[in-house]
Each structure stands twice: as C-alpha cells, then as structure tokens.
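Hi,

Here is the structure I promised to pass on. Have a look at it first, and my notes follow below.

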Amino acid sequence: MKITRRTALAASAATAATAALASCGSNDAGGTGGGGGDVELTVATFNEFGYEELFAKYEEANPGVKITHKKAATADDARANLMTGLAANSGLADVEGVEVGWWAELLQYSDVFEDLTDPEVEGRWLDWKTEAATVDGKLIGYGTDIGPEAIAYRADLFEKAGLPTDRTEVAELLSGDWDTYFEAGRTFVEATGIPWFDGAGGTYNGMVQQLPNPYEKADGTVVPLADNADVKAIYDHLAEYKDISAGLTQWSEDWTAAFQNDGFATMLCPPWMMGPLAGNADGVEGWDIADVFPGGGGNWGGSYLAVPSQGENLEEAKKLAAWLTAPEQQIAAFEAVGAFPSQVEALDAEEVTSLVNPFFNDAPVGEIYSERATSIEVQPYQGPNFFVINTVVSDAITRWDVDGADPAESWEQGLSAYDELGLA
C-alpha cells in the first residue's frame with residue numbers, strides 16, 4: 001500500500017474509515033446519536049489530525065450527530081484558546097485536541113475534564129502514553145498520535161558530497177551519537193557548501209526530548225536554568241556546530257522557501273513532519289527517510305483528545321473521542337496525514353507496517369516508524385513549566401542561529417529571561 005502527500009489522501013482515508021466502521025466491533029460508530037434527537041458536537045484540533053473524512057463517516061453512521069471542526073491556525077493558537085476557555089469555564093469544544101507539550105499544565109485542572117476510564121479501551125495504548133494522561137487514577141485524555149523520530153535527507157545532495165545515498169547505508173553512516181551526525185554534516189558542508197540541517201531550533205527539540213527531566217524533576221521541582229547542566233550541554237553542542245546549520249526557524253517563510261532551493265540536506269523527521277516536508281518540497285526530487293536517529297531514539301510530538309466537563313453532550317463527546325482514537329481510525333489518520341498511531345494494535349497492523357511513501361523514494365515509512373517507536377527509551381517529564389522554560393531556551397538559540405548573536409551572550413540573556421519567570 002502506498003501513501004502520497006496529505007493533500008492527495010482523502011480517498012484512502014475514506015476507504016480505511018469505511019472498513020473500520022464495518023469491523024470495529026465494540027468501537028463501532030453505529031448508533032442514533034442522542035437517542036434520535038439532534039446532537040451538535042464540536043472538535044477543536046490544530047495542525048493535521050487526519051479527521052476530516054472520519055468526521056463524515058461518523059456522521060453517516062450516527063444520523064443524529066453533527067460535528068463542527070474548529071481547526072486552529074497553529075498549535076500555539078490552539079493552546080491559547082484552550083487555556084482561555086479553561087480560565088473562563090466556557091467556550092471550549094466538546095472534544096479538545098491537546099498537544100503533549102501542554103499536558104502537564106492541564107493535569108493541574110484535571111477536575112474540569114471528564115474521566116475517560118472505560119474497560120472498553122483498557123490496554124488500547126502504549127503504557128507510557130496512557131500514564132502521561134492519568135492523574136489520581138483518572139484518565140483525562142485518549143492518545144492519538146506519537147512522534148518517533150527518523151532522519152529525512154536529500155539523497156541527490158548526498159551524492160553530490162560523495163556520501164552514500166541508499167537509506168540503509170545512510171542509516172549506518174549516521175548511527176551513533178549526535179557527534180556522529182554533526183561530523184557527517186561537517187564532511188557534507190565542506191564538500192558542497194550547502195547547510196547540513198535546517199536550523200538549531202528544530203534540532204534542539206529533538207535533542208532535549210531525549211532527556212528524562214529536561215527542566216523539572218519528577219516531583220515537580222524546577223531545575224534553575226543556570227544550574228541545568230544537561231540543557232546547557234545541548235545548547236553548547238549546537239553552538240559548536242552552528243556553521244553547518246541553515247539558520248532557519250521552522251514554519252517561517254524562509255524555512256518553507258528553502259525546500260525549493262537546496263537550502264539544507266537533512267532534518268529531524270517525525271511522521272507528522274512528512275506532510276509539511278512533502279508539501280514544501282513539491283516538485284523537488286531526492287528526499288528519502290533513513291531508519292536512524294542520533295542517540296538511539298526520540299519522540300517529538302503527539303497529542304490526545306480530552307472532553308471538558310463544561311460541555312452539554314458529555315456522553316456523546318466521550319463516545320466520539322473513543323471512536324476517533326480506536327486503532328482502526330488511527331490507521332486511517334496515519335494513511336491520511338502521517339499521524340503515527342499510539343495504539344498497540346495499530347502499531348503491528350499490516351496496514352501500518354506495509355505503508356510506503358512515494359515522495360520519499362518509496363521509503364517504507366510504516367516499517368521505519370514502527371521500528372523507531374520501539375527504539376524510544378525515554379519519555380521526558382514535561383511539567384507545568386516545560387512550555388515557558390523551553391521557550392526561553394529556544395529564543396536564546398534563535399538569537400545566534402537565525403540573527404547572528406554571540407551564543408555566550410545569548411545564553412546570558414536567556415538566564416535573565418528565565419529569572420523574570422520567577423520560577424526558582
């Protein structure tokens with residue numbers, strides 16, 4: 001089975017969703033909605049969850065249900081909307097998409113979310129995915145996708161540099177620690193004059209996700225940034241190799257344009273990044289994906305569906321959230337937009353492991369990301385202050401990677417910004 005870019009996959013998602021409706025057993029979407037009456041449900045998401053075709057199938061199977069999709073322009077917008085609705089105790093969707101980076105903040109408000117614990121879904125997800133959404137025995141989020149990391153690369157540019165181009169050989173070339181990856185980049189840049197990776201900010205995200213406790217200890221104690229040796233080591237490591245960075249901020253106009261002009265040769269690529277990459281690089285040949293990640297494994301991203309208690313149709317909202325996160329629907333979402341499933345059954349499903357992506361030279365992306373998922377050893381603790389501290393460090397990196405500031409001076413600015421947070 002093949003997948004194409006997310007803009008061309010509505011048909012395959014619809015086919016998979018139809019099959020899921022026919023075979024999902026206790027996850028069957030069939031029913032009459034609110035007992036024959038009309039039920040209006042809103043679902044708030046961001047980026048690409050792959051739900052558009054699934055919504056239509058759910059409505060078809062539930063004639064009494066009408067779903068309105070509230071899709072935020074960016075994840076930051078979605079987070080702002082969510083936090084505003086929580087503060088006002090009104091205005092939230094019946095089902096809210098929650099990015100993993102916000103989760104610890106929301107656990108503080110677990111009493112305003114519905115308990116989604118249900119014997120019907122027990123054991124559905126990877127253990128760490130469920131544990132992260134559980135507080136005091138209450139499950140307040142159903143897992144959607146995860147983001148096991150691989151390396152996307154331009155095989156044509158590798159050939160220009162005299163490096164191997166076959167994805168198996170590239171995996172061997174880059175196997176090892178981050179120095180292995182960066183030193184291969186030095187070789188590449190010296191041969192071509194083309195930057196090795198897109199930007200230090202995106203690379204930092206991949207590196208910091210390998211730390212068990214990036215900014216806070218498991219008991220919630222904040223590690224003062226000035227004393228955070230692990231984060232400073234990553235910062236210094238990236239600064240040491242700033243000469244092989246393209247100096248681009250992900251999602252910026254310059255970053256988007258760089259895909260069309262040989263702007264860089266590699267980038268960290270979780271499954272959800274395949275769609276944006278393919279869209280930005282439309283018409284450019286040579287991109288491939290290797291089954292490798294510096295330092296072993298890492299997870300970048302992933303989301304949940306939660307049901308705020310302020311909604312008017314709580315049981316119907318929980319039913320929809322459970323259906324959307326059943327293995328069959330998550331397989332369809334992966335086919336549609338590369339949202340790699342967190343459901344145990346879906347990870348081993350032939351529909352997932354057999355998927356290849358023609359844009360990436362027919363890379364067996366299902367097999368690659370299933371393997372990458374098993375290599376993840378650490379799920380970092382993202383406490384309630386993760387978001388704000390991570391922003392301080394990311395801003396410090398941007399100042400030298402994008403704007404040309406001195407890394408040491410930018411770090412000092414970051415320490416001042418951290419002190420202003422008043423955390424420790």
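A quick definition before we start: a charge sits over a ring if NZ of Lys or CZ of Arg is within 6 Å of the ring centre and within 35 degrees of the ring normal. Keep in mind that this is a predicted model. By that rule, the charged end of Arg 79 sits over the ring of Phe 387, 3.8 Å from its centre. Lys 232 does likewise with Trp 411, lying over its face at 5.4 Å from the ring centre.

On to the rings themselves: there are 32 aromatic pairs in the structure. Take Tyr 51 and Phe 55: their centres are 5.8 Å apart and their planes at 65 degrees, so this pair is edge-to-face. Tyr 181 and Phe 182 make a tilted pair, with 5.5 Å between centres and 50 degrees between planes, and both are buried. These two also belong to an aromatic cluster that includes Phe 188 and Trp 196.

Phe 188 and Trp 196 turn up again in the largest nonpolar core, which has 84 residues; they are among those with the most contacts inside it, as is Ile 289. Helix H18 (residues 386–401) gives this core its largest share, seven residues. Another core, of 42 residues, lies apart from it and includes Val 135 and Ala 306.

Last, helix H7 (residues 167–174). Its buried residues are Arg 167, Val 170, Ala 171 and Leu 174. They span an arc of only 105 degrees around the axis, which puts them on the same side of H7. Among the elements they pack against are helix H8 (178–192) and strand S9 (287–290).

Cheers

Notes. Residues are numbered from 1 along each chain as its sequence is written. This is a predicted model: local features need pLDDT of at least 70, side-chain atom pairs count only at pLDDT 80 or more; totals for chains, interfaces and linings use all residues. Side-chain values use heavy atoms; hydrogens and water are left out. Buried means under 20% relative accessible area, exposed over 50%, partly exposed in between (1.4 Å probe, protein chains only). Helices (H or I, at least four residues) and strands (E, at least two) are DSSP runs, numbered from the N terminus. The arc is that of the directions from the helix axis to the C-beta atoms. Contact means heavy atoms within 4.5 Å. A nonpolar core is a set of buried Ala, Val, Leu, Ile, Met, Phe, Trp, Tyr and Cys residues joined through side-chain atoms within 4.5 Å. Rings of Phe, Tyr and Trp (its six-membered ring) pair if their centres lie within 6.5 Å; planes under 30 degrees apart count as stacked, over 60 as edge-to-face and the rest as tilted.
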